[in-house]
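Try each task before reading its solution.

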Amino acid sequence: MILDKDGIVFAHITEFMRKIRRQRSGELGSLEHSARKSGYPIVDPETSDLLEILCRIKKPVRILEIGTCIGFSALLMLNASPLSEIITIERNPAMISPAKENFARFSAEKIRLLEGDAADILPTFTEKFDFIFLDAAKGQYPLFLKECLRLLEKGGILVCDNVLFNGRVVTKIPDIRRNKTIINRLSSFLEDLESELSVKTVILPISDGVTVSVKEECTDEKALP
Ligand SMILES: C[S@@+](CC[C@H](N)C(=O)[O-])C[C@H]1O[C@@H](n2cnc3c(N)ncnc32)[C@H](O)[C@@H]1O
């Protein structure tokens, strides 16, 4: 039995969805399976399907990912939008090394892995992206949101993972003390995102909570932060 994530998703529904879901096949399916088995924090199955479908619909050409881990979601997005070039950022050496191995194994020359803290790297970018996937430290989401909005092209899509933090963003009850800061930061991230007029956002109560935003085609640049 899969545990209920504090009311975001009922356990029996997740269980049903995962039972009926067609598993990813091929090399990517094997990587997904082994990454989950080894306990790497890659996207949940439902979020992976959402990412794949959004990439297939949008067909982005320049993707930015914040939080590479071992490279699964970057490879998934490349597979779903083969014309894209992907920049992915990772700060943890324990993840960088397997990510590099995986990108080499999949001959993913169109994925560029930047090593370091996204808080330092993002402000150096000037070129925009038409698809951004934010999947990094939740305490930094308000900061990263500003950069994502700056770097997102008109008509571009922004996907942010783990925005409900096991429902604690709603209940405001931290399991441990230091999570209080994360809850407060994620709450202000969601308020900032919802009040941002340059994008239209939906909060999806799947996995740990995922937002999907699209940047308006017509934005008043002066209104942007
Ligand atoms: C949830 S995992 C990413 C999973 C990956 N997107 C996937 O689904 O295959 C989050 C990753 O973000 C990295 N990370 C967290 N904060 C970061 C930051 N400020 N800069 C760069 N990487 C960061 C962590 O080291 C971790 O590997």
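**Exercise 1. Find out how the fold is joined up along the chain and how compact it is.**

Keep in mind that this is a predicted model. Start with the contacts between residues at least 6 apart in sequence: 65% of them join residues at least 24 apart. Next, list the secondary structure, which comes to nine helices and seven strands. The radius of gyration is 17 Å, close to the 17 Å that the globule rule gives for 225 residues, so the protein is as compact as a globular protein of that length. Finally, draw a box along the principal axes: the C-alpha atoms fill roughly 45 × 45 × 35 Å.

**Exercise 2. Describe the buried part of the protein.**

First take the share: 38% of the 225 residues are buried. A residue counts as buried here if 20 or more other C-beta atoms lie within 10 Å of its own. Then look for the largest nonpolar core, which has 55 residues. Among those with the most contacts inside this core are M77, I132, F144, C148 and L186. Now zoom in on L186: leaving out residues up to four places away in sequence, L186 touches K138, Y141, V163, F165 and V169. As background, nonpolar side chains in soluble globular proteins tend to be buried together.

**Exercise 3. Work out which residues of helix 7 are buried and what covers them.**

Step along helix 7, residues 141-151, and pick out the buried positions: Y141, F144, L145, E147, C148 and L149. Then look at the cover over the buried residues of helix 7, which includes strands 1, 4, 5 and 6 together with helices 6 and 9.

**Exercise 4. Trace the partners of strand 7.**

Strand 7 spans residues 210-215 and pairs with strand 5 in the antiparallel sense over five bridges. Strands 6 and 7 form a hairpin with five residues between them, and S207 in the turn has a positive phi of about 50°.

**Exercise 5. Characterise the shell around the ligand.**

Count the residues that surround the ligand: there are 19, and the closest are G67, C69, S73, A136 and A137. Sort the shell by class to get eleven nonpolar, four polar and four charged residues. Last, ask where they come from: helix 4 (72-80), strand 2 (85-90) and helix 6 (118-121) each supply at least two residues.

Definitions and conventions
Residues are numbered from 1 along each chain as its sequence is written. This is a predicted model: local features need pLDDT of at least 70, side-chain atom pairs count only at pLDDT 80 or more; totals for chains, interfaces and linings use all residues. A residue is near a molecule or strand if its C-beta atom, placed from the backbone, lies within 6 Å of it. Helices (H or I, at least four residues) and strands (E, at least two) are DSSP runs, numbered from the N terminus. Ala, Val, Leu, Ile, Met, Phe, Trp, Tyr, Cys and Pro count as nonpolar, Asp, Glu, Lys and Arg as charged, and the others, Gly among them, as polar. A nonpolar core is a set of buried Ala, Val, Leu, Ile, Met, Phe, Trp, Tyr and Cys residues joined through C-beta atoms within 7 Å. A residue is buried if 20 or more other C-beta atoms lie within 10 Å of its own, exposed if 12 or fewer, and partly exposed in between; C-beta atoms are placed from the backbone. Two residues are in contact if their C-beta atoms, placed from the backbone, lie within 7 Å. The radius of gyration is taken over C-alpha atoms; the globule rule is 2.2 Å times the number of residues to the power 0.38. Two strands pair if DSSP finds at least two bridges between them.
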